[in-house]
Amino acid sequence: MKKQVLFLVLFSLCTLSFGQRITIRASFDEVKWANRGHYEAGSEKMRSKYYPSLSNGGRIVFNVTGGKRDGQYIIMPVKPLSFEERDVPTTWTEGQQDFWRVNVLPYLEDRQTDILEYLPNFSTAKFEEGRNSEKYEMTEYTITDVSVAGSEVRRKISKVWEKRGDQMLVFSTYTGENRVYHLKRLPNGLKDLDAANNIVAIYDELHGKGPWDKDAVIISKYWKRTDKYLLGINKALSSN
């Protein structure tokens, strides 16, 4: 039950007002070589002292497996924010920043943080409807040539995910480079990835025989896949 509540809260805690954009801060932590144990011990102390509960300013921490970020950690607050809410200055508990500098910072090689915006028009899973998943697949694309045609192909691809039953959350970076993230929920674990990759066949079924050959050229100019990795929840470092 605890596990189920964790992910229901992750994607459903905050219902934003109509018309407001849904954003989440994602921090990618790269740990110094041979310091993983120290980093996790310090982060667990940080979680226990300042982020114990999901219901009040909690956070979710993922382990990254594979890709350019292999071995890193992704930290996301439980509560998404609108841009209006981001206009309110962050308040820290007394001693919180000093605690982080002493217990976590010494073991960090690098931290990259981006504001991600949820894109409902391209997603096949609703942000506010969390599912009981511990595993995810994340694919990163870098936009190389923005075009209306490319956006239309993206919408067609989302119809394929819908037909396949894929639970896909799509985000774009509001800060940093112009990137798109496809976050695929794996409710049955990694075995969900054993399903046949029949995207082209379904694409032709939905959009007419043969359009993929033309649309594949359009989308290859629109973006370039720049990373892909697996995510697993780190329960010790996440609020509960």
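**Entry 1: Val31**

I began with the neighbours of Val31: leaving out residues up to four places away in sequence, Val31 touches Arg36, Tyr39, Tyr73, Tyr107 and Glu109, where contact means heavy atoms within 4.5 Å. I note that this is a predicted model, in which local features need pLDDT of at least 70 and side-chain atom pairs count only at pLDDT 80 or more, while totals for chains, interfaces and linings use all residues. Residues are numbered from 1 along each chain as its sequence is written, and side-chain values use heavy atoms, with hydrogens and water left out.

I placed Val31 in strand β1 (residues 23-31); helices (H or I, at least four residues) and strands (E, at least two) are DSSP runs, numbered from the N terminus. Val31 counts as buried because its relative accessibility is 15%; buried means under 20% relative accessible area, exposed over 50%, and partly exposed in between (1.4 Å probe, protein chains only).

**Entry 2: the chain as a whole**

I found seven helices and eight strands in the protein chain. Of its 240 residues, 45% are buried. Of the contacts with a separation of 6 or more, 83% are between residues 24 or more positions apart.

**Entry 3: Ala34**

I looked at Ala34 in the loop between β1 and α2 (36-50). Most residues other than glycine have a negative phi. Ala34 is not a glycine, yet has a positive phi of about 65 degrees. I read Ala34 as exposed, because its relative accessible area is 68%.

**Entry 4: α5 against α7**

Two packed helices are described by the angle between their axes and the distance between the axes. For helix α5 (residues 148-164) and helix α7 (residues 211-222) I noted an angle of about 115 degrees and axes 9 Å apart. Axes are lines fitted to C-alpha atoms, for helices over the stretch in contact, and angles run from 0 to 180 degrees between N-to-C directions. The pair α5 and α7 is therefore roughly perpendicular (65 to 115 degrees; under 35 is roughly parallel, over 145 roughly antiparallel, the rest oblique).

On the α5 side I listed Ala149, Gly150, Ser151, Val153, Arg154, Lys156 and Ile157, which meet Asp215, Ile218, Ile219 and Tyr222 in α7. By class, this contact of α5 with α7 has six nonpolar, two polar and three charged residues. Here Ala, Val, Leu, Ile, Met, Phe, Trp, Tyr, Cys and Pro count as nonpolar, Asp, Glu, Lys and Arg as charged, and the others, Gly among them, as polar.

**Entry 5: α5 against α6**

I then took α5 with helix α6 (residues 199-207): the angle is about 105 degrees and the axes are 9 Å apart. α5 and α6 are therefore roughly perpendicular to each other. Residues in this contact include Val153, Lys156 and Ile157 of α5 and Ile199, Ile202 and Tyr203 of α6. By class, I have seven nonpolar, one polar and five charged residues for α5 with α6.

I also checked Asn198, in the loop between β7 (179-186) and α6. Asn198 is partly exposed, because its relative accessible area is 31%. Its C-alpha is 9.3 Å from that of Val160, 38 residues away along the chain.

**Entry 6: Ser239**

Last, I located Ser239 in the segment after β8 (223-233). Ser239 counts as buried because its relative accessibility is 2%. Its side chain reaches the backbone oxygen of Tyr51 at 2.6 Å and the backbone nitrogen of Arg59 at 2.9 Å.

Methods. Polar contact = N/O pair within 3.5 Å; in protein donor to acceptor, adjacent residues only side chain to side chain.
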